[in-house]
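Dear colleague,

I am handing over the structure that you will find just below, and my notes on it follow. Please read them with the structure open beside you.

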Amino acid sequence: MTVATLDPPTAVARRRGLLAGWSRGGKLGLAVMGFWVLVAIGALFLGENALGEMSEAGVFQGMSAQHWLGTDYLGRDMLVRIVAGAPYTLGVAFVATLLSCAVGAGLGLLAAVAGGWLDAALSRAMDTLISIPNKMLALVVVAAFGSSVALLVIMTILCYAPGCYRIIRSLAVNINAMDYVTVARARGERRGYIMRREILPNITGPLLADLGLRFIYVLRLLASLSFLGLGVQPPMADWGSLVRENLGALPVGGVSVLAPALALATLTIAANLVIDNLPGHTDADRETH
């Protein structure tokens with residue numbers, strides 16, 4: 001008589017792959033994000049002549065065999081413009097998000113481990129920054145110092161690092177009180193070791209979920225600034241600036257203004273679907289940004 005045995009959940013998950021437990025929506029979102037990443041990489045190989053080449057078809061033309069997404073306000077191919085704007089839309093948002101979370105998480109871990117006056121000083125400073133509306137802070141910084149890619153990244157760190165700090169600090173404070181952290185401190189381990197080896201591995205899931213959420217917030221903020229003319233400046237362009245440039249096609253429903261808007265929408269929705277399938281994500285995380 002053969003006795004059936006059940007495989008451990010970890011073995012089943014290993015056979016099913018890294019996406020085990022992901023919903024169909026999450027896998028679809030991951031595929032869409034992968035597509036836009038490939039587009040952004042491919043855009044790096046476009047020649048400068050292709051970006052500024054004007055068509056004889058005229059401005060604000062509709063979709064055709066020659067121009068799949070029509071032409072923009074200068075008669076340039078919109079498909080080429082969207083592809084060319086992908087590295088700035090995805091690249092700047094990703095780098096800004098990564099640095100924001102790195103700064104916020106690093107300061108949050110330091111505050112939780114150090115405690116005392118350093119914790120109080122960092123918390124009050126972050127509370128001050130987080131009390132200022134993000135768009136207002138961004139507009140003040142850009143209006144005062146001008147617009148550049150580097151300044152946009154610095155501005156994003158000021159806007160979103162405090163939110164990440166609060167989440168990571170609240171998680172790290174609880175773990176810092178655990179017995180194994182006390183043992184590590186008793187055997188003489190330094191703060192850096194405790195932060196890196198004892199606390200950080202235990203908050204990786206929430207940190208990744210927060211990173212994904214902040215990517216959406218950063219993407220939305222940078223697109224808003226570009227729409228106002230304060231984001232990425234010509235001759236560079238991201239999808240937000242493409243919407244602003246082609247607003248003249250809106251009364252006639254021109255595809256030149258709809259295409260970049262839809263590109264932003266698909267990227268945002270895809271990121272949301274991926275985040276919903278990340279470990280450590282909860283609906284409460286969406287309330288802090």
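**Helix packing and an aromatic pair**

The model is a predicted one, in which local features need a pLDDT of at least 70 and side-chain atom pairs count only at pLDDT 80 or more, whereas totals for chains, interfaces and linings use all residues. Residues are numbered from 1 along each chain as its sequence is written, and side-chain values use heavy atoms, with hydrogens and water left out.

As for confidence, the protein chain averages a pLDDT (the predictor's confidence in each residue, from 0 to 100) of 84, and 86% of the residues score at least 70. Over residues 1-15 the pLDDT is below 50, and this stretch has 3 contacts (heavy atoms within 4.5 Å) beyond near neighbours in sequence. Residues 282-289 also stay under 50, and for them the model has 17 contacts beyond four places in sequence.

Helix α7 (residues 149-176) packs against α4 (residues 78-114) at an angle of about 35°, with the axes 5 Å apart. Helix α5 (residues 116-130) packs with α7 at about 135°, the axes lying 9 Å apart, which makes α5 oblique to α7. In that contact, the residues of α5 include Asp119 and Asp127, while those of α7 include Arg166 and Arg169.

A search of the whole structure finds 3 aromatic pairs, where rings of Phe, Tyr and Trp (its six-membered ring) pair if their centres lie within 6.5 Å, and planes under 30 degrees apart count as stacked, over 60 as edge-to-face and the rest as tilted. One of them joins Trp36 and Trp239 edge-to-face, at 4.8 Å centre to centre and with 65° between the planes. This pair links distant parts of the chain, since Trp36 lies in α2 (residues 24-43) and Trp239 in α11 (residues 239-245), 203 residues apart. The helices named here are DSSP runs (H or I, at least four residues), numbered from the N terminus.

Conventions
Helix = DSSP H or I, 4+ residues; strand = E, 2+ residues; numbered from the N terminus. Axes fitted to C-alpha atoms, helices over the stretch in contact; angles between N-to-C directions. Parallel < 35°, antiparallel > 145°, perpendicular 65-115°, else oblique.
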